[in-house]
Amino acid sequence: MNIKWEERGSGEPLLLIQGLGYGRWSWEPIVPGLAQRYRVVFFDNRGIGESDTPAGPYTAREMADDALQVLDEAGIERAHVLGASLGGMIAQELAAAAPHRVRKLVLCCTTPGGKATVPMPAVTVQLFAEAGSLAPEVALRRFVENALAPGAPATLVDELYRRRLASPPDPVGWPAQAAAGMGFAGVGGAIEAPTLIVTGTEDNVVDQRNADVLAEQMPGARVERIPGTGHLFFWEQPDALVRIVTEFLQ
């Protein structure tokens, strides 16, 4: 697999794993703050951006192997790992399959997988149902709006919409990535790394109650909620996330 990755900063390695349909560009709000203390490595998952897009469906475990490949190519034996949404599922697979490669784990706006998962909020289920009848640009903007908290600044909606138009979902990669999320069965209590779970209180994509379910599966895990933020809280409150993550990793 050709997986496109880059890095910023120096210090202990920190690997960032993004979610469904978002390339490495979407870490931009938090990379500068994290790079002041860490060697931040971030990449395009298979199926998006400059990485390969093999035929799907993908699995979260396959995508975790891609993340391990990035660590190998970067010459990193052990790293902190932060994953968001689908990236959080990938991060769980990575931590369970290769515990010796993960120092600490941060799971953002994600689910435990399988039957333990609290279902997707109704507003997002309805949006998926209606998306096929909308013009692609209209549907894309509605997905951006839905991923932010109600009342998010129009300037932020415009910026994310512009960036997503410039890096649109791949017709092969998007459903293949989506299959990885739908097929994620969870890893149960297999994670040994100290874990922080972060959620937004206004997340319309992944029900915030999944954070508590995850914490129940991981003795010692801590849950942090960022008030008034949606699924993309790393765009809405990047400084808050950088502070929370830095305090946890120290």
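Colleague: Does Asp65 count as buried, partly exposed or exposed, and at what relative accessibility?
Modeller: In this predicted model, the side chains of Asp65 and Arg61 meet in a salt bridge, 3.4 Å from N to O. Partly exposed covers the range between the limit for buried, under 20%, and the limit for exposed, over 50%. Asp65 therefore counts as partly exposed, at a relative accessibility of 37%.

Colleague: Why are Asp65 and Arg61 separated by about one helical turn?
Modeller: Arg61 is partly exposed, with a relative accessible area of 40%. Asp65 and Arg61 are separated by about one helical turn because both lie in helix α2, at a spacing of 4 residues.

Colleague: Which helices hold Arg141 and Asp158?
Modeller: Arg141 forms a salt bridge with Asp158, and the closest N and O atoms are 2.7 Å apart. The pair ties together parts that are 17 residues apart in sequence, so two helices are involved: α5 for Arg141 and α6 for Asp158.

Colleague: How many residues apart are Arg163 and Glu28?
Modeller: The side chains of Arg163 and Glu28 meet in a salt bridge of 3.0 Å, N to O. The pair links distant parts of the chain, with Arg163 in helix α6 and Glu28 in the loop between β2 and α1; the separation is 135 residues.

Colleague: Which residues are linked in a network of salt bridges?
Modeller: The structure holds 17 salt bridges. The residues linked in a network are Glu6, Arg8, Arg24, Asp44 and Glu50.

Colleague: Which residues lie nearest the centre of the largest pocket?
Modeller: The largest pocket has a volume of about 1200 Å³. Its lining comprises 29 nonpolar, 13 polar and 4 charged residues, and α3, α4, α5, α6 and α7 each supply at least two of the lining residues. Of the 46 residues in the lining, those nearest the centre are Leu20, Met120, Phe128, Trp174 and Ala178.

Colleague: Which residues make the nonpolar surface patch of about 250 Å²?
Modeller: Val125, in helix α4, counts as partly exposed at 45% relative accessibility. A patch residue needs over 30% relative accessible area. The patch is made by Val125 together with Met120 and Phe128.

Colleague: Which element gives the largest share of the lining of the largest cavity?
Modeller: The largest cavity has a volume of about 40 Å³, and its lining has 7 nonpolar, 4 polar and 1 charged residues. Each of β5, β6 and α8 supplies at least two residues of this lining. The largest share, 3 residues, comes from β6.

Colleague: What is the phi of Cys109?
Modeller: Cys109 is among the residues lining the largest cavity and lies in the loop between β5 and α4. At 2% relative accessibility, Cys109 counts as buried. Most residues other than glycine have a negative phi. For Cys109, phi is positive, near 40 degrees.

Colleague: Where does Ser85 lie?
Modeller: Ser85 is not a glycine, yet has a positive phi of about 60 degrees. Ser85 counts as buried, at 14% relative accessibility. The location of Ser85 is the loop between β4 and α3.

Colleague: Which residues are joined by a cis peptide bond?
Modeller: Most peptide bonds are trans. The loop between β3 and α2 contains Pro57. With omega about 0 degrees, the cis bond joins Gly56 and Pro57.

How values were computed:
Residues are numbered from 1 along each chain as its sequence is written. This is a predicted model: local features need pLDDT of at least 70, side-chain atom pairs count only at pLDDT 80 or more; totals for chains, interfaces and linings use all residues. Side-chain values use heavy atoms; hydrogens and water are left out. Patches are made of residues with over 30% relative accessible area and no salt bridge: like charges are joined within 9 Å, nonpolar side chains (Val, Leu, Ile, Met, Phe, Trp, Tyr) within 5 Å. Accessible areas come from the Shrake-Rupley method with a 1.4 Å probe; for residues, only the protein chains shown count as cover. A salt bridge is a side-chain nitrogen of Lys or Arg within 4 Å of a carboxyl oxygen of Asp or Glu. Buried means under 20% relative accessible area, exposed over 50%, partly exposed in between (1.4 Å probe, protein chains only). On a 1 Å grid over the protein atoms alone, a cavity is a set of points where a 1.4 Å probe fits but cannot get out, and a pocket is an open set with protein on both sides within 12 Å along at least five of seven lines; lining residues have an atom within 4 Å of a point. Grid points are joined across faces, edges and corners, and a volume is the space filled by probe spheres set on the points. Ala, Val, Leu, Ile, Met, Phe, Trp, Tyr, Cys and Pro count as nonpolar, Asp, Glu, Lys and Arg as charged, and the others, Gly among them, as polar.
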